[in-house]
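Please open the model in a viewer and follow the selections below in order.

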Amino acid sequence: MKRSATAALLVTASLIAGCSGPGGGGTAGGASTTLNIATMTLPQSLDPKDANGSALPFFQAVYDTLIKREPDGTYSPMLATEWKYDDGLTELSLTLRGDVKFDDGTPFDAEAVKANLERFRKGGGAQAKTLNDVKSIEVADPTHVTLVLSKPNPAMLYYLSDAAGLMANPKDFAQDDTLKTRPGGTGPYELDQGRTVIGTKWVFTRTARYWGARLPYDTIAISYFDNETAIVNGIKTGQLDAALIQDADQQISVESDPKVKTVKQEFDFQGVFLFDRAGAVTPELRDPRVRQALNYAIDRRTMLAKIRQGRGAVTSQVFGPATAAYKPELDTYYGFDQAKARALLKEAGHESGFTLKLPRIPAIVSDALAASLQSDLGAVGVKLVWDDLDPGSAVQRIFRDRAYSAMVMNMGQSSADWVAVGEVVLPGAFNMFGYTDDTVKKLLPRIQGSAAQDAKADLQALNEHLVADGWFMPFYRMTYLHVSDGSVTIKPQDGMAVPAIYNYAPAQ
Amino acid sequence: MAAFVVRRIAAGALLVLVISFLSYTLLSIPGLDVGRQLLGQSASQDLVDAKNAALGLDRPVLVQYLDWLAHAVRGDLGTSWFTSENVVRAIANRLPVTISLMAGVTLVTAVLAFLLGVWAGVRRGAVDRFVQVFSVIGYALPNFLVTLVLVLVFAVHLRWFPAIGYVGIGESFSGWLSTVLLPVLSLSVGSVAGVAQQVRSSVIEVLRQDYVRTLRARGLPPSRIVLRHVLRNASAPALAVLGMQFVGLLGGAVLVEQIFGLPGIGSMTVTYTTRGDIPIIMALVMLTVIGVIAVNLVVDILIGWLNPKARIA
């Protein structure tokens with residue numbers, strides 16, 4: 001009796017194990033029809049006006065952008081087939097496809113573009129500011145529309161290939177909340193409401209009548225996870241097909257599996273943003289020599305080796321390698337030279353050092369990083385004090401109260417120079433004290449008012465100035481790993497941490 | 001008994017109201033800038049202020065709370081600030097996952113812990129020592145370690161079970177069983193250890209009592225004494241512990257759901273609490289409080305049924 005019970009148990013167990021197996025994506029041998037992507041980003045909604053950063057793939061499945069951004073950062077036609085600036089660079093004319101319809105049969109036309117751009121600009125979303133320079137939108141005929149800008153904006157094509165360029169069906173604008181959970185665009189997929197659990201898993205199925213090139217997958221499923229351990233296990237067992245892994249330890253863990261395919265990409269850099277260059281909070285920072293001394297004081301190579309296990313590249317500049325402003329030699333501009341740091345501090349009249357108080361958000365500043373910075377700066381006489389903050393009150397203290405003169409940040413490096421300039425140089429969230437100087441004032445209008453290819457020299461001059469004047473204290477660019485279970489080939493997307501949905505294909 | 005149940009339910013309702021007010025006030029600490037979290041660090045302050053106003057966060061906390069309460073009593077718990085999903089639907093989608101885990105662990109614990117506890121209490125000697133050692137180890141082992149070892153061995157290495165994800169019981173029974181088995185096992189280790197100890201000491205205590213000696217003297221078969229009399233009397237304290245374990249499981253479920261990538265209430269609580277998504281967190285708090293009250297009530301009724309002496313008039 002006992003023996004038969006045990007046997008029955010064993011049979012049941014093996015049955016369960018047998019039928020379940022690792023389910024999901026890659027069917028061995030045959031063509032895979034479902035792409036299972038893991039993400040750690042929750043989209044605020046599927047309404048394009050809420051589109052932002054790493055959530056873009058959710059939107060790309062359902063909406064097309066006016067302009068397509070290729071993996072290498074170049075632009076190619078999508079809903080707009082041609083675009084052209086006038087000589088003053090303040091009028092951008094777009095020619096639109098005439099054969100595109102929204103899911104419900106409504107034709108896509110210039111009026112739809114106007115309605116979308118105007119709604120995006122006033123919609124209160126995180127990226128609404130990208131259309132700040134758009135003064136008006138003029139419709140000539142159903143396939144021709146012109147964006148009139150208040151001043152030249154070299155990043156406009158980038159924005160139209162990003163969140164601002166996502167085109168939704170204007171019929172859905174009347175009820176304000178419809179698009180949040182029931183998106184309607186002209187894109188290659190539709191949200192499968194029945195199989196989607198918002199907040200957990202979004203399933204997109206192919207639209208049969210899509211106007212454009214067929215993407216290789218019939219279904220794209222994007223699943224949310226709040227930690228990389230589960231993602232790595234899912235990749236190793238083939239339950240997930242593709243993901244981005246940021247943590248160095250998890251990268252090492254996933255690389256140890258021979259079936260797993262990986263592609264490296266440097267995207268975010270980590271460093272201290274020295275906001276207070278006018279010395280409002282910390283007067284010592286007013287002197288460029290002090291900012292330079294801080295840069296000489298830190299041992300970037302050791303930091304990279306210990307904190308990122310060598311996964312990345314040291315740098316002293318905030319512009320990424322894909323930009324025109326980037327100069328390879330600026331990566332090593334500040335060597336590790338504490339004697340020089342002490343000399344600069346002495347020259348600036350701060351021989352006895354000073355105290356620098358920085359906010360510490362544990363998710364960004366690990367214990368190792370906190371200790372390393374503290375000891376490096378301490379060695380040249382700068383007393384670094386960490387203010388431990390929870391993420392909620394941190395944003396309040398940093399951005400609203402402007403209580404700190406600097407902070408450690410991780411930041412994506414856009415491939416579009418003017419996007420990078422807008423984020424770190426122009427007055428705004430990351431230049432919260434609105435600091436500028438004569439060199440910057442001289443260079444910015446020249447960069448803004450010339451075509452991208454003509455601005456290279458000025459951009460590089462700007463970059464050199466920012467490095468030499470110690471506007472920032474960058475540590476290193478971090479290597480991120482795009483991983484797949486072996487069934488997918490992933491092309492990293494220039495200017496984005498996560499690949500665009502067009503960048504996945506079945507492995508050969 | 002009926003009056004007792006009614007009294008308990010009324011007290012429970014009052015408790016729910018008080019806790020909802022306290023939670024709302026605590027969640028609305030001024031530092032939690034929801035607009036900024038929604039729009040990201042690079043958004044301008046004007047935009048952030050406008051977002052906060054659109055969410056009604058510029059109003060006094062009491063007004064916000066009363067507004068929430070007025071909607072909640074009508075069954076409208078609002079939509080998530082961070083994902084725009086309907087709160088009721090969001091929780092309904094994730095509840096089956098956590099209930100599967102909790103029911104599974106409670107079942108495993110009830111069966112195994114009672115078997116082990118009675119075995120140890122009745123047999124004593126080597127068996128008792130074995131159960132004691134098992135209990136101490138089971139209780140002391142960190143939950144995350146047990147979970148990680150189970151995942152790495154049985155899912156990633158042997159591939160007997162899926163490493164992540166959940167299949168609904170309605171979708172496929174075997175799929176459901178295969179996705180919840182490892183998480184249930186990892187949660188059960190500590191739970192079984194705790195309850196088995198309690199059962200063991202209760203059994204030993206009951207066995208020492210006079211009426212057991214009398215029953216033995218009357219020549220009743222030992223199995224009948226244990227099953228009919230001892231177990232019934234020893235169950236009450238063990239049930240109380242089992243009830244507490246059930247409530248405490250929610251904490252353990254957080255970690256297990258994260259490691260197994262299960263879309264349950266536990267991982268949901270962490271994700272939305274760190275963001276300050278008040279509509280979702282309030283619903284989760286209410287669910288937990290009501291759950292705790294209900295479990296305690298059921299345990300009390302069960303104990304009363306098992307042990308007439310414990311019955312409350």
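Begin by displaying the C-alpha centres of domain 1 of chain B and domain 2 of chain B, which lie 33 Å apart. To make these selections, take 1-74 of chain B as domain 1 and 94-310 as domain 2, bounds that come from an automatic or database domain assignment. The contact (heavy atoms within 4.5 Å) takes 18 residues from domain 1 of chain B and 15 residues from domain 2 of chain B.

This is a predicted model, in which local features need pLDDT of at least 70, side-chain atom pairs count only at pLDDT 80 or more, and totals for chains, interfaces and linings use all residues. Residues are numbered from 1 along each chain as its sequence is written, chains are lettered from A and ligands numbered from 1 in the order in which they are written, and side-chain values use heavy atoms, with hydrogens and water left out.

Next, show the surface between the domains. Domain 1 and domain 2 of chain B bury about 1500 Å² between them, 82% of it on carbon and sulfur atoms; buried area is the accessible area (1.4 Å probe) that two parts lose on being put together, summed over both. Select B:R8, B:V16 and B:L27, which supply 34% of the area that domain 1 of chain B buries against domain 2 of chain B, more than any other three residues.

The term denotes a side-chain nitrogen of Lys or Arg within 4 Å of a carboxyl oxygen of Asp or Glu, and the count between the two domains of chain B is 1.
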